[in-house]
Protein chains: 2
Amino acid sequence: MSSRTDAPTRREQILGEAARLFAERGFHGVGVDEIGAAVGISGPGLYRHFAGKDAMLAELLVGISERLYTGGRRCLAESAGAGLGPEAALDALIDRHIDFALDDRALITLHDRELDRLRDSDRKLVRQLQRQYVELWVGVVREVHPALPEKEARASVHAVFGLLNSTPHLSRPSALPDRATTAALLHRLARGAFAAAADGARNADGAAGA
Amino acid sequence: MSSRTDAPTRREQILGEAARLFAERGFHGVGVDEIGAAVGISGPGLYRHFAGKDAMLAELLVGISERLYTGGRRCLAESAGAGLGPEAALDALIDRHIDFALDDRALITLHDRELDRLRDSDRKLVRQLQRQYVELWVGVVREVHPALPEKEARASVHAVFGLLNSTPHLSRPSALPDRATTAALLHRLARGAFAAAADGARNADGAAGA
DNA sequence: TTGCTCGGTTAGTGAGCGTTAACCTCGCCA
DNA sequence: TGGCGAGGTTAACGCTCACTAACCGAGCAA
């Protein structure tokens, strides 16, 4: 009984600020002194909590990949457990991902920006989790849209991730409508994209001209 | 009579390699020696062509922003000149952006990743060009889908950029279908996304519940 | 020939930064 | 009360890296 939005431990506090700073200025663009200052201690004090700057990034990236993947699995399990069909499952996956993109913008940004700064083993782990997460989506998308070939489904999933993850790239978030409207809009965009991909694949099936 | 895929000048060669390297490992992750080595000269020889590392990044980012914006304007002008409607104009914009995303993957990656490494004046310029480019799209999208409110149209355009720019993020491009198929797929995804955004906006107009 | 510019070279410098060392001070348990 | 570990501090080290200095050889014009 201690983890749920209790007072954040020092480690968590550091990770949060590090994520924000890394997302803002890039891993190499942020010094340890800055991270320390952001949590009120200075510089090398961080080494009481982490082995080094790399370790912070690794923990962030592995953490988010795991949360995305296990969260996605839980989504599908719950949806199946409730006897719902693939449409509802896809909706649930999309909504969960949108929550992530809107709530943890910094982490989303890091996720596809700083992956190659990791040690080989960590990078492999993150890549594997990402792949599994993608395959989760591909499976559901192809249940909803059986006409879509697997390769195109996978490319579509990647593209929709780009779509859903686009809001953190905005310079000033004030340009967005309120959260609920934005979430609904992103959801519609994603569903519409998948539907169009499948539609086009069906039409192009026999007639591959203009 | 000297620029069109003639032998690339040294400057262009350097810029090309720098773009590739920056995209791969980030601006701070690449040393000048590496860039030099990539074009066969070593290290400080670059300073005969550029004032510094920053200048290369600036030229790359300003260059791509300008090409996107002026390219988009030309698209619309040609489309209007041919007496075509907004649907065709939107298709042309999308296709042009897809060409960009597929041909200049490195530049697309840099474009939204390293913008804050620039001097203030350059960053302002790039931001302004980006804004103008977005507004180009917003105008056309709202002609095609008048039901879509401006704020949502703008957010949708940003999201679709994320979608179209997603392919460079792929670890290995071999996962994609061939270029023509990919381009067609991306086009369908983008159009489908816009259509769904507009559709939902129309439906949600009077009934804002579940 | 002379001499200048263009585009290289290698050596060196100075700053920034991740990391470590050495030390200090609470709070707590025996 | 005495010790000790957890979590800080400042100082310093060493490496990396952008950039500069000094030099050089080809091409070419006068």
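Reader: What should I know before we start?

Author: In this predicted model, local features need pLDDT of at least 70 and side-chain atom pairs count only at pLDDT 80 or more, while totals for chains, interfaces and linings use all residues. Residues are numbered from 1 along each chain as its sequence is written, chains are lettered from A and ligands numbered from 1 in the order in which they are written, and side-chain values use heavy atoms, with hydrogens and water left out.

Reader: Why is the pair A:Glu87 and A:Arg191 called a salt bridge?

Author: The term asks for a side-chain nitrogen of Lys or Arg within 4 Å of a carboxyl oxygen of Asp or Glu. For A:Glu87 and A:Arg191 the closest N and O atoms are 2.6 Å apart, so the pair meets the rule. Helices here are DSSP runs (H or I, at least four residues), numbered from the N terminus.

Reader: How do you know whether A:Arg191 is buried or exposed?

Author: By relative accessible area: buried is under 20%, exposed is over 50%, and partly exposed is in between, with a 1.4 Å probe and protein chains only. A:Arg191 has 17%, so A:Arg191 counts as buried.

Reader: Why is the pair A:Tyr133 and A:Phe161 called stacked?

Author: Rings of Phe, Tyr and Trp (its six-membered ring) pair if their centres lie within 6.5 Å; planes under 30 degrees apart are stacked, over 60 edge-to-face, and the rest tilted. By this rule there are 10 aromatic pairs over all chains. A:Tyr133 and A:Phe161 are 5.4 Å centre to centre with 15 degrees between the planes, and the pair is stacked. Both residues are buried.

Reader: And what makes B:Tyr133 and B:Trp137 edge-to-face?

Author: Their ring centres are 6.1 Å apart and the planes stand at 70 degrees, so the pair is edge-to-face. Both lie in helix H6 (residues 120–144) of chain B, four residues apart, about one turn of the helix.

Reader: How do you know that A:Lys53 lies over the face of A:Phe27?

Author: The rule wants NZ of Lys or CZ of Arg within 6 Å of the ring centre and within 35 degrees of the ring normal. A:Lys53 is placed over the face of A:Phe27 at 4.4 Å from the ring centre, and B:Lys53 lies over B:Phe27, also at 4.4 Å.

Reader: How many residues of chain A are in contact with chain B?

Author: With contact meaning heavy atoms within 4.5 Å, 40 residues of chain A touch 40 residues of chain B. Helix H8 of chain A gives the most to the side of chain A that touches chain B, with 12 residues.

Methods: Helices (H or I, at least four residues) and strands (E, at least two) are DSSP runs, numbered from the N terminus.
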